[in-house]
Amino acid sequence: MADISVTEHHHSDHAPTHHVTPLWQYLLVFFALAVGTVLTVVASRFDLGMWNTPIALFIATVKATLVILFFMHVIHSTRLTWVVVIGSFLWLGVLFVLTFADYLTRSWSLY
Amino acid sequence: MSDTTLHAHADEHPPHHPFLQHHFEDLGQQHEASTLGMWMFLTTEILFFGGVLCAYWIYRVMYPAAWAEAASLQNWQMGAINTIVLIISSLTMALAVRASQLGQRMGTVVMLVLTLLFGGIFLGVKGYEYSVHFHEGLFPGAQTFTWHENPALAPQVQLFMAFYFTMTGLHAIHMVIGAGLLLWFIRRAWRGDFGPEYYAPVEIMGLYWHFVDIVWIFLFPFLYLIHSAGGHHG
Amino acid sequence: MSSLTLHDVRITGAEGSRNYINDEYGALSWLLTKDHKRIAILYLISITIMFLLGGSFAVIMRVELLTPEGDLLTSDTYNKMFTLHGIVMIFFFLIPVIPAILGNFILPIQLGAKDFAFPKINLLSWYLYIFAAAVGLYVIITGGVDTGWTFYTPFSTQYSNTHVIGVTFAGFIAGFSSILTGLNFIVTIHRMRAPGLTWYRLPLFVWALYATSVVMLLATPVLAITLVMLMFERFTGIGIFNPAIGGDPVLYQHMFWFYSHPAVYIMILPAMGVASEVVAAFTRKKIFGYRFVAFSSLGIAFLGFLVWAHHLFVAGISVYSALIFAFLSFFVAVPSAIKVFNWTATLYKASVSWATPMLYILGFIGLFTIGGVTGLFLAALGLDIHVHDTYFVVAHFHYVMVGGTVMAYLAGIHYWWPKITGRMYNEFWARLAALLVFVGFNLTFFPQFILGYLGMPRRYHAYAPEFQVLNVMSTAGASILAVGYALPLIYLGFSLRFGRKAGVNPWGAVGLEWTTSSPPPKHNFEETPVVTWDAYDYPAMMKAVGETQNV
Ligand SMILES: [Cu+2]
């Protein structure tokens with residue numbers, strides 16, 4: 001099998017992303033996650049009326065985003081990885097939105 | 001074509017890495033494929049846990065009072081401790097990936113052991129909570145559910161507990177699988193399999209572990225910290 | 001080396017040399033193989049067995065329905081028959097058949113790859129399939145299940161006294177197998193393409209499998225979690241979809257159909273991919289509107305997720321959401337129609353070769369169109385109330401799944417049979433079988449449209465006497481269909497031993513799979529091909545043929 005050059009040239013684009021995250025960044029993210037946990041608990045101890053649930057959801061979403069971006073290295077990943085991550089949550093959104101479209105409109109009687 | 005050509009691919013890459021599988025051109029391609037594969041798997045996990053969350057939210061909107069009542073039956077201190085424990089284990093997991101990237105064999109091993117340790121603490125606390133729930137008669141079922149402090153809400157409290165056990169149970173199963181994988185990875189790291197050239201397995205192990213952490217980040221407020229609309233709190 | 005070849009691809013692995021079949025011997029070399037081609041053969045055997053099993057339930061039902069009285073089976077047994085027919089055919093035949101057999105064999109070769117990205121996971125997915133099938137068989141032997149393949153609650157969780165947990169567990173495992181297949185396909189298509197093989201040079205079969213895999217990954221986990229909740233409810237006796245404690249059975253239906261409507265596209269998208277390959281090969285033309293066909297696969301995959309509640313129109317969902325779902329359901333017809341129009345445009349003024357795969361695909365296009373259009377009837381709110389749960393529905397989905405998917409699978413297995421086995425089958429018998437399948441299919445299922453429209457409900461072992469004539473026609477058609485399905489088993493099996501050697505490219509088709517030997521060598525290609533041409537480059541091929549003839 002002679003012609004090796006054919007197989008050699010084309011995979012340079014597959015070089016792994018050897019990005020090493022600095023230590024302080026990991027520690028900072030950890031600190032933010034811990035603060036977020038404390039905030040969630042504190043917020044739940046006060047009656048904020050209709051804002052209770054949105055605030056809890058917001059903090060959880062921020063924490064999850066931090067984990068995804070930094071611990072899971074998405075911030076340094078390929079565009080394809082971004083598409084996969086964002087697409088997954090959007091698809092889950094489809095399940096939620098269209099299911100709730102039924103439940104939230106059941107009481108709107110036509111008659 | 002003679003037989004000799006059949007295995008010619010082995011000679012095409014002179015510095016042939018021991019962990020390069022034959023059907024990949026190089027370690028870079030292999031690394032990219034395995035992380036993409038893990039992300040695809042996590043996509044299915046997002047929709048798996050997302051499905052039960054959707055059902056949970058439908059009922060939470062239907063029965064806000066029962067949901068708040070049932071959440072107040074949970075020990076939020078335990079939940080908070082476990083959240084912190086899991087976040088620490090996520091940090092050590094991330095540091096294990098970093099150590100393997102930098103070729104620090106002992107660093108990788110130590111960080112993986114710590115991750116396993118905190119994962120174990122989490123499961124221990126969870127097990128304790130479960131035993132309390134059984135004791136209090138909160139496990140769904142004709143014989144097992146004996147909680148009647150608020151008879152008007154009791155049926156839906158039972159519904160909540162069905163979600164509680166389904167969700168935390170599935171999460172715990174994922175933790176146990178993760179712990180099993182960690183044991184194997186500790187062995188491999190000890191053996192010196194990983195290094196700057198080849199750390200993709202540690203990386204995808206990390207992706208899995210962080211995902212399990214994310215699930216808990218949502219489960220904690222959903223199951224332990226629901227504020228009742230009427231202001232009464234346990 | 002027989003037949004013509006195109007482009008600068010060196011044909012490797014001469015006749016009689018080592019190939020994937022004779023590279024190793026012994027049962028273990030098959031059961032522990034990581035070669036995608038061997039795994040495809042494992043799937044071929046196991047899925048064929050499940051098809052025969054599912055078909056035998058259908059035969060029993062059709063015999064029962066010869067007479068209006070329920071004389072052959074009790075109603076309980078009949079309930080088990082249609083349940084098991086549905087479960088076996090959907091989860092163990094239709095979902096895996098084209099991806100796991102044809103996709104497994106052909107996809108890496110069409111990509112110019114040595115194998116899938118994860119060969120071990122590929123094998124694991126076959127073992128999961130076998131494990132699920134074994135659990136399913138255990139359930140069948142120990143008494144079956146009677147809930148219908150949809151496992152609707154609260155019947156499945158509270159009232160049925162059959163093996164619901166066992167069979168839903170089997171469905172859960174089979175789902176896992178299909179997830180792993182889809183995952184492997186997507187990563188492989190992204191990461192393992194041969195140099196020069198850009199997205200727009202991919203065969204449309206690859207695009208179709210890509211879209212299928214996306215649906216597999218995004219829909220199947222929701223079925224899995226739904227079945228977990230169902231099992232939890234049945235196990236504890238009190239639970240999540242039970243109205244007694246405030247649960248909502250309609251929520252189960254929502255979550256079940258979030259998977260099961262897109263699952264229709266898991267079954268039909270690969271079939272459309274096969275259709276594109278076969279139409280191009282037997283008209284010697286580029287597929288008309290390549291990019292439209294490619295993107296319509298993704299369009300179907302996406303829109304297919306937005307329509308599920310058209311199965312719930314009479315279940316008590318809100319009128320407003322029903323309107324939305326009906327409206328969105330009509331939209332799915334658009335990308336499907338784009339495909340049909342483009343195949344038709346490709347056929348226009350082409351010199352069509354009437355080989356067996358082409359016969360099946362012509363049947364596929366017609367039958368799928370009927371199945372799709374009657375689907376629009378069902379998506380229309382008012383009409384659905386009239387024909388809901390009648391034989392109209394049964395006829396509709398059999399036109400899509402049997403007229404569509406099974407016809408396309410038969411086309412594909414005939415088209416790639418020479419590549420898979422290295423042998424040609426007998427063309428006469430193959431065409432006869434194709435004819436019998438087409439005639440038998442229509443005779444079986446067209447009367448069911450009429451029966452349903454007249455009001456015959458589905459899932460009963462007895463019916464009003466005025467429906468008998470059409471039911472007898474249907475059973476007669478099913479007998480012809482059974483012969484049509486049995487014939488390929490015989491002549492294809494026969495060809496393994498007595499078939500003429502196929503050569504590299506018996507159809508004179510374009511595509512990487514037709515540039516390697518038949519059967520292919522263990523690693524598909526002796527050297528990685530470099531692709532410099534578009535898919536379906538038949539104009540260049542025809543030119544090349546002209547030049548050779550002039551020499
Ligand atoms: Cu549908």
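**Chain contacts and a copper site in a predicted model**

User: How many residues of chain B are in contact with how many residues of chain C?

Analyst: This is a predicted model, in which local features need pLDDT of at least 70 and side-chain atom pairs count only at pLDDT 80 or more, while totals for chains, interfaces and linings use all residues. Residues are numbered from 1 along each chain as its sequence is written, chains are lettered from A and ligands numbered from 1 in the order in which they are written, and side-chain values use heavy atoms, with hydrogens and water left out. Taking contact as heavy atoms within 4.5 Å, the count is 41 residues of chain B with 42 residues of chain C.

User: Which side chains form the salt bridge between chain B and chain C?

Analyst: A salt bridge here is a side-chain nitrogen of Lys or Arg within 4 Å of a carboxyl oxygen of Asp or Glu, and one is counted between these two chains. With 3.2 Å from N to O, the side chains that meet are those of E32(B) and R191(C).

User: Which element gives the largest share of the side of chain B that touches chain C?

Analyst: Helices are DSSP runs of H or I with at least four residues, and strands are runs of E with at least two, numbered from the N terminus. Two or more residues of this side come from each of α1 (27-62) and α5 (154-191) of chain B. The largest share, 18 residues, belongs to α1(B).

User: How much area do chain A and chain B bury between them?

Analyst: The contact takes 56 residues from chain A and 57 residues from chain B, and zero salt bridges are counted between the two chains. Buried area is the accessible area (1.4 Å probe) that two parts lose on being put together, summed over both. Of this area 77% lies on carbon and sulfur atoms, and the total is about 4900 Å².

User: Which residues are the protein donors of the copper ion?

Analyst: Donors are N, O and S atoms within 2.8 Å of the metal (3.2 Å for Na, K and Ca), and water is not among the atoms, so sites may look incomplete. In sequence the donor residues follow the spacing H-x48-H-H. Lying 1.8 to 2.1 Å from the copper ion, they are H261(C) through ND1, H310(C) through NE2 and H311(C) through NE2.

User: Is H310(C) buried or exposed?

Analyst: Buried means under 20% relative accessible area, exposed over 50% and partly exposed in between (1.4 Å probe, protein chains only). H311(C), at 25% relative accessibility, counts as partly exposed. Because its relative accessible area is 15%, H310(C) is buried.
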